[in-house]
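Open the model in your viewer and keep the selection tool ready.

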Amino acid sequence: MKTISQIFSELYDKVLIRYQNSSQQNQQLPDLSANDEHYINLLYELKKPTLTSFAEKAQISKPAATRIIHRFFKKGYLSKQPSLTDKRVSYLRLNKELQVYCRNSYQLFDQVFLDCISVLSKEEQDQLEYLINKVNQKI
């Protein structure tokens, strides 16, 4: 009998494969490694990211975050937007291409996931959502 972690891993792999093989999948940006894509997604999720908020969200040191952000500036992925209220603060802004890429990727993943859980009744989907949120709050 499979453990719950094995079942979860199997489900995760299947959802990810469906997402990656989707006919609507955006063409991958060739310069992005898996880590870079992860960091781009974190920047996209943050409302007005700063270097500090990015480092905290990524759970990395500020020097490591600085190296990543500088690399993204050099590649044209980011620009700085000075705060209007505090001149010591600059916000990081993804370029338009990456904003569109992230938005489309999130929408596609949502659709693939909803398709996968469509075998569940509305009540089961609600219960799954409750359970995932409960686990998510503890980690």
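Each stop below says what to select and what is there.

**Before you start**

This is a predicted model, in which local features need pLDDT of at least 70 and side-chain atom pairs count only at pLDDT 80 or more, while totals for chains, interfaces and linings use all residues. Residues are numbered from 1 along each chain as its sequence is written, and side-chain values use heavy atoms, with hydrogens and water left out.

**Stop 1: the whole chain**

Show the chain as a cartoon. Six helices and two strands make up its secondary structure. Helices here are DSSP runs of H or I with at least four residues, strands are runs of E with at least two, and numbering starts at the N terminus. Along the sequence the order is α-α-α-α-β-β-α-α. The radius of gyration is 18 Å, well over the 14 Å that the globule rule gives for 139 residues, so the chain is more spread out than a compact globule. That radius is taken over C-alpha atoms, and the rule is 2.2 Å times the number of residues to the power 0.38. Along the principal axes, the C-alpha atoms fill a box of roughly 55 × 35 × 25 Å.

The accessible surface is about 10,500 Å², and 54% of it belongs to carbon and sulfur atoms. Such areas come from the Shrake-Rupley method with a 1.4 Å probe; for residues, only the protein chains shown count as cover. Of the 139 residues, 29% count as buried. Buried means under 20% relative accessible area, exposed over 50%, and partly exposed in between (1.4 Å probe, protein chains only).

**Stop 2: Thr50 and Leu51**

Select Thr50. It is in the loop between H2 and helix H3 (51-58). Is Thr50 buried or exposed? Thr50 is buried, at 18% relative accessible area. Not counting residues up to four places away in sequence, Thr50 touches Val89, Ser90, Tyr91 and Leu92. A contact means heavy atoms within 4.5 Å.

Step on to Leu51, in helix H3. Leu51 is partly exposed, with 28% relative accessibility. Beyond its neighbours within four places in sequence, Leu51 is in contact with Ala65, Thr66, Ile69 and Leu92. Draw a C-alpha distance from Leu51 to Asp115: 36 Å, across 64 residues of chain.

**Stop 3: Gln59**

Move to the loop between H3 and helix H4 (62-74), where Gln59 sits. Gln59 is exposed at 72% relative accessibility. Check its backbone: phi is positive, about 55°, although Gln59 is not a glycine. Most residues other than glycine have a negative phi.

**Stop 4: Leu98**

Select Leu98 in helix H5. Leu98 is buried, with a relative accessible area of 1%. From Leu98 to Gln111, 13 residues apart in sequence, the C-alpha distance is 20 Å.

**Stop 5: the largest pocket**

Which helix supplies the largest share of the lining? H1 does, with nine residues. Colour helix H1 (4-21), helix H2 (34-45), helix H5 (96-116) and helix H6 (122-138): each supplies at least two lining residues.
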